[in-house]
Amino acid sequence: MIRKKNAAPLPSASSAPASTSSPPPTNGAPATPSASAPASPSSKEKEGSLTRVESDFNAPPVVPRGLINNGNLCFINSILQVLVYTTPFWNLVGRLRKGTKADLSGRWVTLDAMMRFLEEFRPAPRIEVVSRSRTKSAPGTSFPSEDTFIPPSPSSYSEPFIPEEVYDSLKPNKRFDAMRRGHQEDAEEFLGFFLETLHDEVLGVMDREEKRSKKVVEESEGEKKEEGKDKVDGEGADGWLEVGSKGRTATTRTTETRQSPITKIFGGQLRSVLRCPGQKDSITLEPYQRLQLDISPPNVRTVEEALQNLTTPEALPDFVNRAGIRVEATKQVYLESYPPVLILHLKRFLYDNVGGVQKSGKVIGYGTELTIDEKIVAPNKRTGKPIRYQLYGVVYHHGKSASGGHYTVAVRQQINSNSWVHIDDTSIRPISPGDVAVDRSAGGSMENRGGSDGYGEKNAYLLCYRLVT
């Protein structure tokens, strides 16, 4: 069923959500899986355990459960379903729930609601099988091999429910005002606001627990004060001087905000290089939590090509240099760092001067594995090793219009498993990896074949990956 995007206000609530967050690497290198957090950590120990949770992909699989859509809220429900299967996020919420001694509902309402929401999902039964080829992983973490996970049968799926507490937690939050009025129902934009909210609330909980601790060292207090400042690295407003491999100098500026476990799970950095004749290169490092990919160029037919297009130099013909002279400058973007959980946003909604916001139905090819070409990475961050990700979630937008449509999601039930389910509100059914992947040879077509889910206009909108180490 196609649902209108001009939706009704968020419904009132009284029942249950929960969620997780985790920290992202900032050095551009793959993260190392961490050990489990202690059951009753001190404030200092708790913070240490949370800073390792971003790379903990070891979590029990859950029994799929549908979410009832009673107010055109599929754009929220699809994001909540993806977060259920984002294992570092699941682990983060679980550790916060165990380590928090007081009720959060009075002040950190969305985090509290997400904790309750995740409690609504029960673990799937596990059958231990001796695998002939265990998945190799970093020390201290085991990734279950495919034959240790028996997917739950559709008859065992849990009854659907309404995540009312999550909806209610968003009502006092001004970030969601426009969405509440039904003027903005974009799943990607909702995800951004939701992660920002959880980022703020997780930091609030961590600060409260830190203040309650009797063993806070003076050095950590000083570091915490410095973490929250937006700053320019180096002396003065010109930033710090960076020398490249060929002796070329550049002025580098960094926009820094305080990190949380949420930003460490989902966040990386982009390096934007501005080259202007007669001046030092100007480099700006900026954070991201969803990587925005332009899919409109004719040469972009796959996700890999969209990533390569991200780093194509952009000409700035009317750029005015410091002397006030118009020159031809160029701007080029690289990946400075990449996160444990990478979310790619395929930009399908484009503004047209004549028709307003339009949707692109262009088919973009992608597989269930992604290898990022090192040419996309900043030259000073290249290691010579492949950067590999595994797809675990896809958010689809169905429909031809930007002002209407419907969101559904496909999720991998367990890491390193080929077991996927497609979730459309309360309807859940098993699908194969072949139903998820889009053949590269079809990537140039403007006509979306729609896959095998019964929708003639299935378009991948968000692609969610976990880092393979």
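Helices are DSSP runs of H or I with at least four residues, and strands are DSSP runs of E with at least two, both numbered from the N terminus. The structure is a predicted model, in which local features need pLDDT of at least 70, side-chain atom pairs count only at pLDDT 80 or more, and totals for chains, interfaces and linings use all residues. Residues are numbered from 1 along each chain as its sequence is written, and side-chain values use heavy atoms, with hydrogens and water left out.

**Overall chain**
- The protein chain contains eleven helices and 18 strands.
- Among its 469 residues, 55% are buried, a term for under 20% relative accessible area with a 1.4 Å probe, protein chains only.
- Of the contacts (heavy atoms within 4.5 Å) with a separation of 6 or more, 73% join residues 24 or more positions apart.

**Gln81**
- Helix H2 (residues 74-84) includes Gln81.
- Gln81 has a relative accessible area of 2% and therefore counts as buried.
- Beyond its neighbours within four places in sequence, Gln81 contacts Arg65, Gly66, Leu67, Phe121, Val409, Val411 and Ile423.

**Strand S9 and its partners**
- Strands S5 (residues 268-275) and S9 (residues 326-337) run antiparallel and are joined by seven bridges; pairing requires at least two bridges found by DSSP.
- Within S9, Val333 stands opposite Ser272.
- Strand S8 (residues 314-320) is also antiparallel to S9, with five bridges, and Phe319 has Val327 in S9 as its bridge partner.
- A hairpin is formed by S8 and S9, with five residues between them, and Gly324 in the turn has a positive phi of about 85°.

Key. Buried means under 20% relative accessible area, exposed over 50%, partly exposed in between (1.4 Å probe, protein chains only).
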